[in-house]
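Please look over the structure below.

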Amino acid sequence: MSQLQDNFGRRFHYLRMSVTDVCNFKCSYCLPDGYRPDGKPSFLTLSEIANLAAAFAKVGTQKIRITGGEPSLRKDFTDIIRVVADMPNINTVATTTNGYRLAQNAQEWYDAGLRRINVSVDSLDPRMFYQITGENKFDQVMRGIDAALDAGFERVKVNAVLLKHLNDKDLPRFLHWIKQYPIDLRFIELMETGLGHDYFNKHHLAGATIKAHLLENGWGLDQAAIDDGPAQNFSHDDYQGRIGLIMPYEKNFCASCNRLRVSAKGKLHLCLFTEHGVDLRDLLQSESQQAELVSRLHQQLEQKKATHFLHDGVTGVTQHLASIGG
Ligand code: SAM
Ligand code: SF4
């Protein structure tokens with residue numbers, strides 16, 4: 001069966017699949033008032049997830065990241081990992097988590113087939129971590145990262161959103177940390193969502209500042225591998241860890257887009273921003289619907305736009321990233 005490809009020649013072998021909108025943290029840039037249920041939540045069931053993953057695997061998806069909300073709040077999270085990991089052609093199962101359950105479950109998730117893990121740690125100062133996330137869980141999350149390394153994960157990725165007036169003094173601490181630990185640190189530029197201009201204007205910090213600092217201090221920009229996606233990666237001989245910069249406002253950011261998203265309620269999103277999702281759920285009810293599902297995926301890819309319109313302040317329908325799986 002032919003691979004998913006859009007009209008700009010981009011191929012999509014990476015799916016970000018949200019399995020819940022629910023989150024127990026209150027990150028100030030995402031869910032500042034905490035998760036508010038919107039009616040009775042009905043997130044994709046395990047069998048719908050299996051049908052979804054099978055269809056994507058048929059059209060060239062090799063990597064699936066399970067995200068949310070906080071994916072590990074799903075009681076069947078380990079089963080979800082196992083179902084996706086057992087799918088033919090899916091060779092990498094990843095997740096993005098706030099790390100709340102990591103210390104307890106890292107080994108179980110690894111044994112179920114999870115191979116890549118991104119943990120969000122916006123500050124290495126416990127008080128600042130609390131201020132940004134609304135949860136006093138810094139030590140617990142750091143224990144989780146140790147547990148992941150012990151469980152067999154080769155490397156752990158740590159996501160930190162760059163926030164002016166909040167964590168902008170944290171770079172030296174982060175650098176000190178990754179000197180000794182094999183952590184792939186990813187600094188993510190704040191993206192404007194439906195939360196409003198005020199937060200964005202106050203806290204947005206361009207990744208270019210960090211890039212300049214790294215290049216002045218002996219870090220080298222790595223050659224991008226085909227499946228790297230839009231991150232720019234840096235390494236340094238004296239450091240065990242590496243640094244990635246995700247700068248969605250940079251020119252050409254979208255040119256290397258290799259990912260599609262499905263929300264926790266089964267909507268396909270061709271981009272984090274700019275358009276309404278397309279419902280797939282009616283075709284996730286039985287294996288016999290696979291051919292129809294695959295043909296809907298191909299049809300939709302024809303609609304994918306060349307770029308987002310974030311520069312023009314167009315944030316699409318995305319109220320916050322928890323609703324679509326960041
Ligand atoms: N709850 C999990 C977590 O925080 O890792 C997974 C979902 S969260 C939406 C995924 C990633 O999106 C996190 O690393 C988070 O920091 C990032 N994120 C959320 N809102 C963002 C925004 N407005 N701009 C940039 N990154 C954002
Ligand atoms: Fe929750 Fe992740 Fe959003 Fe923070 S970024 S509120 S942990 S979904």
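Which strands each supply at least two residues of the shell around ligand 1? They are β3 (92–97), β5 (156–162) and β6 (183–189). Strands here are DSSP runs of E with at least two residues, helices are runs of H or I with at least four, and both are numbered from the N terminus.

## About the model

This is a predicted model: local features need pLDDT of at least 70, side-chain atom pairs count only at pLDDT 80 or more, and totals for chains, interfaces and linings use all residues. Residues are numbered from 1 along each chain as its sequence is written, chains are lettered from A and ligands numbered from 1 in the order in which they are written, and side-chain values use heavy atoms, with hydrogens and water left out.

## Ligand 1

Ligand 1 is surrounded by 20 residues (a heavy atom within 4 Å). The closest are Tyr29, Gly69, Ser120, Asn159 and Met191. The shell holds eight nonpolar, 10 polar and two charged residues. In this grouping, Ala, Val, Leu, Ile, Met, Phe, Trp, Tyr, Cys and Pro are nonpolar, Asp, Glu, Lys and Arg are charged, and the others, Gly among them, are polar.

An N or O atom in the side chain of Tyr29 is 3.0 Å from a ligand 1 oxygen. For the side chain of Asn159, the distance from an N or O atom to a ligand 1 oxygen is 3.0 Å. A polar backbone atom of Thr97 is 3.2 Å from an oxygen of ligand 1. The protein covers 96% of the 540 Å² of accessible area that ligand 1 has on its own (Shrake-Rupley method, 1.4 Å probe).

## Ligand 2

Around ligand 2 are Cys23, Phe25, Cys27, Tyr29, Cys30, Leu31, Gly69, Asn98 and Ala322. Seven of this shell are nonpolar and two polar, with no charged residues.

## Thr95 in strand β3

Thr95 is found in strand β3. A polar side-chain atom of Thr95 lies 2.6 Å from the backbone oxygen of Ile66.

## Helix α1

Helix α1 (residues 46–58) has 13 residues. Of these, 10 are buried, including Glu48, Leu52 and Phe56. Their cover includes β1 (14–18), α2 (77–85) and α9 (290–301). Gly60 follows α1, with a positive phi near 100°.

How values were computed. The expected span of a helix is 1.5 Å times one less than its number of residues. Buried means under 20% relative accessible area, exposed over 50%, partly exposed in between (1.4 Å probe, protein chains only). Contact means heavy atoms within 4.5 Å. A polar contact is a pair of N or O atoms within 3.5 Å; within protein, one must be able to donate a hydrogen and the other to accept it, and residues adjacent in sequence count only if both atoms are side-chain atoms.
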